[in-house]
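Hi,

Here is the model I promised to pass on.

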Amino acid sequence: MSGLAPVPDAEHESVPIGSNDDVVRARQLVRALAQQCKLSLVDQTKLVTAASELARNTLVYGGGGVMRVGLVHRDGRVGVTAVFEDSGPGIPDVDQALTDGWTSGGGLGLGLSGARRLVDDFTLQTEVGGGTQVAITKWAR
Amino acid sequence: MLKIGDVLLVSIQVELEDQVVLELQDDLAARIVDSGASGVVIDITAVEIVDSFVGRMLATTAAISRMLDAQTVVVGMRPAVAITLVELGLSLGGVRTALTLEKGLEILARRDDSRPAQL
């Protein structure tokens, strides 16, 4: 899949997401970076929560995948970007998937739409049969 | 899980993995019935994030407890967690909350007073 999403700097870290434990590890890694770039406590919490939602989506709907995370710099600002990638079935109707309350599984349907509200930048690329990539960024104020 | 009088106290101290969350929900339902507890306090003071999965568990646990004649109060939510939950779209309408453990126990004690006296 062609990745146009902001990819973290060379020092990014990759975490496989194949189990519930990996979701916890992904959260911890995102939290550590959020603290490192001095996001406010509320922004840290929002970013880690968004990452938790997306990591779970990668596991449950994407059949597992990988998270890449790192610090990014733009216009003198620093932020944290996390990219979640799977090679699962993809999302046939993106608008629908981004609607509050819509779910193809057993969830509440808040994961994707909620995660988008919690971050500053959100990009989603998906292809039916070709997987899904979601990138999120939160910038330090 | 601790029992204080008629109240079960669950203090969540570890980073919650989804499977653990589900087990906790099942254990709690069983403990309510076994112990005849009339109240449940879930203390989330140590919890740094509540995502939609954990939020749903809190709502479901409150609903299950209600059916088993116990009232649930969630205590100790951090301000950042409250802000994030609302923005996420989960306002946990059916879940009673209190700022501290003491206040949570007060709420449950008041509820007990309003029960008819046992003969």
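Let me start at the contact between the chains: D51(B) makes a salt bridge to R56(A), and the closest N and O atoms there are 2.8 Å apart. Do keep in mind that this is a predicted model. The pair runs from the loop between β3 (39–43) and α2 of chain B across to helix α2 of chain A. Are the two partners buried or exposed? Both D51(B) and R56(A) are buried.

How many salt bridges cross between chain B and chain A? The rule finds 5, and over all chains the whole structure has 13. Polar contacts between chain B and chain A come to 10 residue pairs, counting those with both residues at pLDDT 80 or more. The biggest share comes from α3(B), with 6 residues. By type, the residues on that side of chain B split into 9 nonpolar, 4 polar and 7 charged. In all, 20 residues of chain B are in contact with 23 of chain A. The size of an interface is often quoted as the accessible area lost when the parts come together. Here chain B and chain A bury about 2,000 Å² between them, with 54% of that on carbon and sulfur atoms.

Two salt bridges inside chain A are worth a look too. In one of them, the side chains of E85(A) and R68(A) meet at 3.4 Å, N to O. E85(A) sits in strand β3 of chain A and R68(A) in strand β2 of chain A, so this pair ties together parts that are 17 residues apart in sequence. How do they differ in exposure? E85(A) has a relative accessible area of 23%, so it is partly exposed, while R68(A), at 14%, counts as buried; the cut-off for buried is under 20%.

The other one joins D120(A) and K138(A), at 3.9 Å from N to O. It links distant parts of the chain, with D120(A) in the loop between α4 and β4 of chain A and K138(A) in strand β5 of chain A, 18 residues apart. D120(A) is partly exposed at 32% relative accessible area, whereas K138(A) is buried at 3%.

K138(A) turns up again around L47(A). Leaving out residues up to four places away in sequence, L47(A) touches V30(A), A34(A), L39(A), V80(A), V119(A), I136(A) and K138(A). L47(A) also belongs to the largest nonpolar core, which has 37 residues; L47(A), M67(A), V69(A), F84(A), L112(A), F122(A) and I136(A) are the ones touching the most other members. Which parts of chain A build this core? At least two residues each come from β1 (13–17), α1 (20–36), α2 (41–60), β2 (65–74), β3 (77–86), α4 (111–118), β4 (121–127) and β5 (131–139). The top contributor is α2(A), with 7 residues. Apart from this core there is another one of 27 residues, including I12(B), I32(B), V47(B) and L85(B).

Over to you!

Methods. Residues numbered from 1 in each chain as written. Chains lettered and ligands numbered in written order. Predicted model: local features only at pLDDT ≥ 70, side-chain atom pairs only at ≥ 80, totals over all residues. Heavy atoms only, no water. Core = buried A, V, L, I, M, F, W, Y, C linked by side-chain atoms within 4.5 Å. Buried < 20%, exposed > 50% of the residue type's maximum accessible area, 1.4 Å probe, protein only. Helix = DSSP H or I, 4+ residues; strand = E, 2+ residues; numbered from the N terminus. Contact = heavy atoms within 4.5 Å. Buried area = accessible area lost by both parts, 1.4 Å probe. Salt bridge = Lys/Arg side-chain N within 4 Å of Asp/Glu carboxyl O. Polar contact = N/O pair within 3.5 Å; in protein donor to acceptor, adjacent residues only side chain to side chain. Nonpolar A, V, L, I, M, F, W, Y, C, P; charged D, E, K, R; others polar.
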